[in-house]
There are 2 protein chains.
Amino acid sequence: MKREENKSRCPINFTVEIIGDTWSLLIVRDMAALGKKTFGEFLDSKERIGTSVLTDRLAHLERKGIIAKRPDPSDKRKFVYSLTDKGIELIPVVYEIAMWGTRNSPDPDAPDVWFEALKRDREEVVRLWIEAVKAGSSFFNGPDSVIARLNL
Amino acid sequence: MKREENKSRCPINFTVEIIGDTWSLLIVRDMAALGKKTFGEFLDSKERIGTSVLTDRLAHLERKGIIAKRPDPSDKRKFVYSLTDKGIELIPVVYEIAMWGTRNSPDPDAPDVWFEALKRDREEVVRLWIEAVKAGSSFFNGPDSVIARLNL
DNA sequence: TTTCTTACTTTGATAATGAAAGTAATATGT
DNA sequence: ACATATTACTTTCATTATCAAAGTAAGAAA
């Protein structure tokens with residue numbers, strides 16, 4: 001993997017060298033928006049990532065301090081992946097990327113509540129999203145989800 | 001180029017399939033932050049993009065409606081590249097990516113005024129940045145630049 | 001009219017991706 | 001207890017992308 005070449009110390013290049021590929025941000029999305037936590041759950045997304053690439057991207061994100069990997073106490077075959085603070089800080093990036101895609105895609109596919117949430121104040125949605133993930137929930141799922149807090 | 005595979009209609013995947021690679025966002029950065037406009041100017045960045053990759057990425061961004069390409073009226077060898085409205089809409093994404101990189105890079109390299117601008121209100125900076133590019137300037141350069149408007 | 005510049009294209013080596021099959025550890029059902 | 005299933009990988013190999021270097025054609029500058 002030559003993708004971490006440190007081409008420059010530009011802050012934008014720094015970020016792009018970490019999440020600027022086809023899969024990394026989709027994994028962060030699955031965690032932050034859907035609350036996915038295990039290898040099998042990540043495999044099960046619409047974009048159909050392959051196992052070898054998933055293994056590679058998870059190791060990459062872990063090495064870069066975006067996610068943490070722990071053994072699952074209740075099933076010793078499994079590992080539980082979670083966003084670190086650094087990973088949670090990516091939520092504003094993910095929000096803007098989702099916003100741009102929603103506005104510029106000819107036919108965006110997302111839960112109805114996503115389009116409802118976009119009508120709300122950006123600052124509030126981003127703040128609630130960060131709080132949700134810190135509380136162990138995600139945008140759409142869990143007791144502290146954004147949609148629960150906004151009553152959507 | 002298989003990078004536009006339409007893996008899903010998720011808004012995040014839609015955006016990532018357009019700008020989720022090593023170079024596309026750096027080109028957008030060069031245009032939005034530095035006001036670069038020509039092939040030679042893009043070649044001349046710290047990250048040292050190769051000519052074949054630059055040609056490919058410029059064609060890709062043009063095809064996706066992010067940038068426009070016109071002949072230079074004063075030098076018929078040249079082309080002038082500019083951000084479309086769709087491209088200008090990426091500025092909030094670029095801002096958040098730059099913000100994350102600035103906060104998480106161990107040794108970020110950027111003009112001093114960038115760090116000054118980060119202390120200001122996000123909404124204002126993003127608004128001024130969009131206005132600057134629409135007026136033919138960029139974040140750092142031109143009569144309507146963000147740093148000119150903020151007196152930095 | 002020679003030389004330089006610009007925006008490419010071509011070539012060939014190296015690296016990343018993607019699909020499929022394989023594996024070892026652990027869990028589950030009977 | 002035993003057979004089967006599941007999980008998180010690893011391996012293999014064909015396809016595709018990237019990168020560096022050299023080449024090119026149109027136009028500008030001296």
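Mentor: Happy to! In this predicted model, 43 residues of chain A are in contact with 44 residues of chain B. Together the two chains bury about 4,000 Å², and 66% of that area lies on carbon and sulfur atoms. On the chain A side, the residues that lose the most area to chain B are Arg9(A), Ile12(A) and Trp100(A), which together account for 19% of what that side buries.

Now for the charged and polar pairs. Six salt bridges are found across the interface of chain A and chain B. For one to look up, go to Glu89(A) and Arg103(B), which form a salt bridge with their closest N and O atoms 3.4 Å apart. Between the chains, 14 residue pairs are in polar contact.

Which helices of chain A each supply at least two residues to the side that touches chain B? They are H1 (11-19), H2 (24-34), H6 and H8 (122-134). H6(A) gives the most, with 11 residues. By class, that side of chain A has 20 nonpolar, nine polar and 14 charged residues.

While you are at H6, which spans residues 91-104 of chain A, find Tyr95(A) within that helix. With a relative accessible area of 1%, which is under 20%, Tyr95(A) counts as buried. Leaving aside residues up to four places away in sequence, Tyr95(A) touches Trp114(A), Leu118(A), Arg122(A), Val125(A), Val126(A) and Trp129(A). Tyr95(A) and Trp129(A) are 34 residues apart along the chain, and their C-alpha atoms are separated by 9.3 Å.

Note on methods: Residues numbered from 1 in each chain as written. Chains lettered and ligands numbered in written order. Predicted model: local features only at pLDDT ≥ 70, side-chain atom pairs only at ≥ 80, totals over all residues. Heavy atoms only, no water. Helix = DSSP H or I, 4+ residues; strand = E, 2+ residues; numbered from the N terminus. Buried < 20%, exposed > 50% of the residue type's maximum accessible area, 1.4 Å probe, protein only. Contact = heavy atoms within 4.5 Å. Buried area = accessible area lost by both parts, 1.4 Å probe. Salt bridge = Lys/Arg side-chain N within 4 Å of Asp/Glu carboxyl O. Polar contact = N/O pair within 3.5 Å; in protein donor to acceptor, adjacent residues only side chain to side chain. Nonpolar A, V, L, I, M, F, W, Y, C, P; charged D, E, K, R; others polar.
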